[in-house]
Amino acid sequence: MMQEMITVAVDAMGGDNAPNEIIKGCIESINDDSNIKIYLVGNNIIINEQLTKYTYNKEQLEVVDAKETIDTCESPVMAIRRKKESSLVKGLNLVKEKKANAFVSAGSTGAILAGGTFIVGRIKGIERPALAPLIPHKKGVSLLIDCGANVDSKASYLVQYAKMGSIYFENVLGVKNPRVALINIGEEKSKGNSLVKEAYSLLENEDINFIGNIEAREIPEGKADILVCDAFVGNIILKYTEGFALTMLSMLKKHLLQNVRSKIGTLLLKPALKDFKKSFDYSEYGGAPLLGLEGLVVKTHGSSDSKAIKNTILQCKKFSDQKINQKIKENIKI
């Protein structure tokens, strides 16, 4: 069966490694899949100069000029309103105008969240969109939702997060009937603040595989597939996970290279250590989709390299092929 072409607008100027790694990742994605077209949004002089280094199908890539950029230090809402010619705003407008199926950026998280909501807009019936990254555990990955979009949430938001997360996880990651858990300070239904208590009562009556509360220490064990929480809790978990992984890998490297004997042992363990490090590599999993919008908006890590950008674009292709937004619309009751 012939696959449909997907068009992805990519913010060439957002992130620590822009534009070089962003452009390289785009080239790698279209060279990997002939059913992807890229709109590279940013300063056309800089982008076109970089593109001369690569061989690719010119019909699969188009440069969209944008003279402005939004910095992470700027007020997200004000930047979205004032910088109409920024790569971020112009990329989001391509999704709004249905010229692109998805938008990808490693730029300002706040601006992406604000722009996604105000420019692309929410699916009818969705109270708040939610940012949903994949985080590793010893058996694979879990979807953490929400991790940055809504610090102040209502119980009804958490229910929608659970539903959207289940649809995404089942169709994009291929896990049938994924396990949904509510992050709490204890497993008992009576534990937690008023938000999680109310959310628990609502979730246990929904047509999803809700397994109850989960404590943070159980997340690395892979006890649940969908981890539901408000963005305040989710962002702390995400940042701690990233920091802990980097620290652990740094400490491991230090101890393995401290003397000749440990260095010899490290050589023997090198293949296993490489696989171990890979399991903590965010670039393997693509970006975090902002679920609940009329079009797909994906935030990638600020330090994304070409591999992360390529995997995020391929992730967008799978999202589109599986018609995730259509399935969310069908399953979310207004």
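Predicted model: local features only at pLDDT ≥ 70, side-chain atom pairs only at ≥ 80, totals over all residues.
Reader: Why is Ile-236 called partly exposed?

Author: Its relative accessibility is 48%. Buried means under 20% and exposed means over 50%, with partly exposed in between, so Ile-236 counts as partly exposed. You'll find Ile-236 in helix H8, residues 231–256.

Reader: And why does Phe-118 count as exposed?

Author: Phe-118 comes out at 54%, and the exposed class starts over 50%, so Phe-118 counts as exposed. Look for Phe-118 in helix H5, which covers residues 109–120. Leu-92 is 26 residues away from Phe-118 in sequence, and their C-alpha atoms are 9.8 Å apart.

Reader: Which residues touch the most other members in the largest nonpolar core?

Author: Val-8, Val-10, Ile-38, Leu-40, Leu-182 and Val-228 do, out of 58 residues. Helix H6, residues 155–172, gives the most to this core: 11 residues.

Reader: What does Val-228 touch?

Author: Leaving out residues up to four places away in sequence, Val-228 touches Ile-145, Leu-158, Tyr-161, Ala-162, Val-180, Ala-181, Leu-182 and Ile-183. There's also a second, separate core, with 38 residues, including Ala-79, Val-95, Leu-144 and Val-297.

Conventions:
Residues numbered from 1 in each chain as written. Heavy atoms only, no water. Helix = DSSP H or I, 4+ residues; strand = E, 2+ residues; numbered from the N terminus. Buried < 20%, exposed > 50% of the residue type's maximum accessible area, 1.4 Å probe, protein only. Core = buried A, V, L, I, M, F, W, Y, C linked by side-chain atoms within 4.5 Å. Contact = heavy atoms within 4.5 Å.
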